[in-house]
Each structure stands twice: as C-alpha cells, then as structure tokens.
Amino acid sequence: MAAWSPAAAAPLLRGTRGLPLLHCAQRMFASQTEGELKVTQILKEKFPRATAIKVTDISGGCGAMYEIHIESEEFKEKRTVQQHQMVNQALKEEIKGMHGLRIFTSVPKH
C-alpha cells in the first residue's frame, strides 16, 4: 500500500467543480455566489415576465446543485412537467456542469 501524501489526497479535497472544499465552506459568509447570480440572470432573460426568481446554491457554494423558485405568467396553463422542461431548456448549458437541480415553479396569483 502506498504512503499517504498531500499530492495524492488533493483530488479528494476538491469539490465537484475542482474548487477546494475550503472554498465551499466560505459560502456561509457570502451573500450570493457567482453561480447563483449567473443562473438568476439567465432566468431573468428567459422569463422576462417572472414576478419572482430565487436561486440558491444548496451544495454549500460549490455550484454543484441549485434550488430554483420561479413564478411567471409564462407557466400559465402548463403542466408542472412542462414548466420544469422550460426551466431546464433555459439552463441547458449550465446544467451540464451541475450535479443536481431542484425546480419549483408557480403562476402568480391575481
């Protein structure tokens, strides 16, 4: 069995995006991550009639998993699965680098 070394352990000490796990822990002190801001901006562009968009990195700031809450008139008269497909389509490039995604959609109540 090979001896332990920091170089050998380095891949184990990294998050899913290659960032050190310490970076993930630092998320507790930031208001919004770069990934949250990017996903929010894309959703604002793709759903201009959205009345509420909230994106939360639930992976601790690593960008591996997000929870998205979006309320938009564009979802009116669409089944939940269709609404989620719309969000997935809007984020298709970003999803390639994610481990998971939780989507919650709704239509504004008038």
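**View 1. Met-65 sits in strand β2.** Strands here are DSSP runs of type E with at least two residues, helices are H or I runs of at least four, and both are numbered from the N terminus. This is a predicted model, so local features need pLDDT of at least 70 and side-chain atom pairs count only at pLDDT 80 or more, while totals for chains, interfaces and linings use all residues. Residues are numbered from 1 along each chain as its sequence is written, and side-chain values use heavy atoms, with hydrogens and water left out. Met-65 counts as partly exposed, at 23% relative accessibility; buried means under 20% relative accessible area, exposed means over 50%, and partly exposed is in between (1.4 Å probe, protein chains only). Leaving aside residues up to four places away in sequence, Met-65 touches Thr-56, Asp-57, Ile-58, Ser-59, Gly-100, Leu-101 and Arg-102. Touching, or contact, means heavy atoms within 4.5 Å. Ile-95 is 30 residues from Met-65 along the chain, and their C-alpha atoms are 9.3 Å apart.

**View 2. Strand β2 pairs with both β1 and β3.** Strands count as paired if DSSP finds at least two bridges between them. With β1 (residues 50-57), β2 runs antiparallel, and 7 bridges join the two. Look for Val-55 opposite Ile-68 of β2. With β3, β2 runs parallel, again through 7 bridges. Here, Glu-71 stands opposite Ser-106 in β3.

**View 3. Arg-102 and Glu-67 form a salt bridge.** Their closest N and O atoms are 3.1 Å apart; the term calls for a side-chain nitrogen of Lys or Arg within 4 Å of a carboxyl oxygen of Asp or Glu. The pair ties together distant parts of the chain, with Arg-102 in β3 and Glu-67 in β2, 35 residues apart. Arg-102 is partly exposed at 41% relative accessibility, whereas Glu-67 is buried, with a relative accessible area of 17%.

**View 4. Glu-93 and Lys-96 make another salt bridge.** The N to O distance is 3.2 Å. Glu-93 is partly exposed at 48%, and Lys-96 is exposed at 64%. A search of the whole structure turns up 2 salt bridges.

**View 5. Helix α4 has buried residues along one face.** Gln-83, Val-87 and Ala-90 are the buried ones. Seen down the helix axis, they fall within an arc of 65°, so they line one face of α4 (the arc is that of the directions from the axis to the C-beta atoms). An α-helix has 3.6 residues a turn, so residues three or four places apart point the same way. Their cover includes α3 (34-46), β2 (65-72), α5 (92-95) and β3 (100-106).

**View 6. Confidence is lowest in helix α2 and highest in α4.** The score is pLDDT, the predictor's confidence in each residue, from 0 to 100. Helix α2 (residues 21-25) has a mean of 47, and α4 (residues 80-90) reaches 98. Over residues 21-27 the pLDDT is below 50, and this stretch has 14 contacts in the model beyond near neighbours in sequence. Where pLDDT is low, the predicted coordinates should not be read in detail. For the protein, the mean is 82, and 73% of residues reach 70 or more.
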